[in-house]
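Subject: Structure for your study

Dear colleague,

Please find the structure below, together with its sequence.

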Amino acid sequence: MGQSSKYGHIIQYIKSQFPNQDFIPLHEPRFMGNEKKYVADAIDSTFVSSVGAYVNRFEEMMQEITGAKYAIATVNGTAALHMALIVAGVKQGEEVLSQDLTFIATANAISYIGAIPVFLDIDRKTLGLSAERLEFFLQQHGKQVDGVTINSKTGNRIAACVPMHTFGFPCEIERIAEICNEWNIPLVEDAAESLGSYYKGKHTGNFGLLGTFSFNGNKTVTCGGGGAIVTNDICIAKLAKHLTTQAKMPHAWEFNHDYIGYNYRMPNLNAALACAQLEQLAAFIENKRELAENYKNFFEKVEGIEFVTEELDAKANYWLNAILLKDREARDSFLTEVNSNGVMSRPVWTLMHKLPMFQNSLHDDLTVSKCIEGRLVNIPSSVRI
Ligand SMILES: *Cc1c(COP(=O)(O)O)cnc(C)c1O
């Protein structure tokens with residue numbers, strides 16, 4: 001008793017939201033629609049690989065959902081981001097401005113190119129890249145030379161900006177897009193977590209040159225593994241499609257390639273699953289927002305815990321619900337008690353600049369990121385049946 005039952009009422013409440021489940025995972029997929037039908041159909045068609053009707057249909061559905069003119073299906077979200085950075089023109093040795101609090105894939109995709117990630121701080125409210133910190137960094141270090149922005153300290157070109165919509169909460173994307181425009185820096189949104197999230201009525205991923213999504217097993221909508229790139233620029237779209245399909249030049253039988261391409265196209269088998277899942281996106285989001293509303297009302301009455309909510313201009317998908325505890329000690333005792341009682345909860349990712357690969361990276365002072373890292377915990381967020 002005493003210390004060991006400190007969070008008993010929270011455990012009970014979370015369990016009440018997922019009745020008839022002994023163990024409550026953080027986020028599990030739901031297959032309640034045409035999944036089996038479409039996957040079986042893809043198998044019957046023999047088109048299980050990177051050519052097939054479902055891949056094309058998936059791209060059309062993504063265009064419809066995001067409002068972007070073009071969508072390109074990829075094998076996963078990390079590949080989508082890697083490709084987006086390539087077609088945005090990022091080259092080895094150039095700098096890419098992103099955020100310190102993110103999933104490792106953001107920083108990895110930048111590193112695949114040999115580009116240098118610069119980890120800026122996040123905004124306290126949105127948990128995504130801080131527009132203020134971005135602007136401050138550029139005012140301090142940015143220098144425009146012939147329409148290109150250079151980091152005056154390092155002499156490197158600042159080749160892109162990659163904000164991430166953390167847990168599906170839209171970041172200050174309109175302001176970030178304005179700043180990127182002013183400095184002529186291509187904006188690539190890592191929207192992996194924010195399918196179904198909007199900022200001022202516009203879908204995330206659609207504010208800059210490119211946006212990328214993930215359909216990994218733990219995301220709002222999954223196809224096992226998959227990703228998507230969206231853009232409104234036809235040249236960018238064509239290049240992305242070309243480079244994700246081994247840069248093969250169209251011909252009835254000849255094999256000719258004009259670039260070093262990638263085998264990054266989503267297989268039709270996965271696309272079949274993705275199409276069935278996307279059909280349920282609106283219902284999933286409604287379901288998830290209802291859970292978030294319940295959590296919000298519950299945590300309002302819990303002292304010492306803050307439930308993270310969307311900002312006024314934003315409509316979040318509430319992919320992963322998040323709470324903030326008082327400090328790291330409270331966070332750790334919460335994690336210990338909750339996880340040992342059949343309710344899965346997890347801390348946020350270790351900050352990028354602390355990881356061995358990025359120890360010598362360029363970064364901001366990171367006051368907010370450090371504070372959030374020690375306090376944030378994700379709690380069960382699956383669609384409820
Ligand atoms: C999931 C995720 C990715 C990568 O997606 P995969 O499909 O797993 O490769 C990239 N960025 C962020 C922020 C993610 O959460």
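Contact here means heavy atoms within 4.5 Å. Helices (H or I, at least four residues) and strands (E, at least two) are DSSP runs, numbered from the N terminus. Axes are lines fitted to C-alpha atoms, for helices over the stretch in contact, and angles between N-to-C directions run from 0 to 180 degrees.

This is a predicted model, in which local features need pLDDT of at least 70 and side-chain atom pairs count only at pLDDT 80 or more, while totals for chains, interfaces and linings use all residues. Residues are numbered from 1 along each chain as its sequence is written, and side-chain values use heavy atoms, with hydrogens and water left out.

The sheet. Four strands form an open sheet with mixed pairing, in the order S1-S11-S10-S7; two strands pair if DSSP finds at least two bridges between them. Strand S1 (70-74) and strand S7 (188-190) each have a single partner strand, so one side of each is left without a neighbour in the sheet. From one strand to the next, the twist averages 20°. S7 pairs with strand S10 (residues 210-214) in the parallel sense over 3 bridges, and glutamate 189 has glycine 211 in S10 as its bridge partner.

The helices on it. Helix H3 (residues 53-66) packs on the sheet, where it touches S1, S10 and strand S11 (227-231). Helix H4 (residues 77-87) lies across S1, S7, S10 and S11 and runs at about 170° to S10.

The domains. The protein is divided into domain 1 (8-30 + 281-379) and domain 2 (35-278), with bounds that come from an automatic or database domain assignment. Their centres, taken over C-alpha atoms, are 25 Å apart. The contact takes 44 residues from domain 1 and 48 residues from domain 2. Between them the two domains bury about 3800 Å², 63% of it on carbon and sulfur atoms; buried area is the accessible area (1.4 Å probe) that two parts lose on being put together, summed over both. In domain 1, Leu281, Trp319 and Trp349 lose the most area to domain 2.

A residue in contact with several others. Leaving aside neighbours within four places in sequence, tyrosine 295 is in contact with Tyr13, Ile14, Phe18, Phe307, Asn321, Ile379 and Pro380.

Yours sincerely
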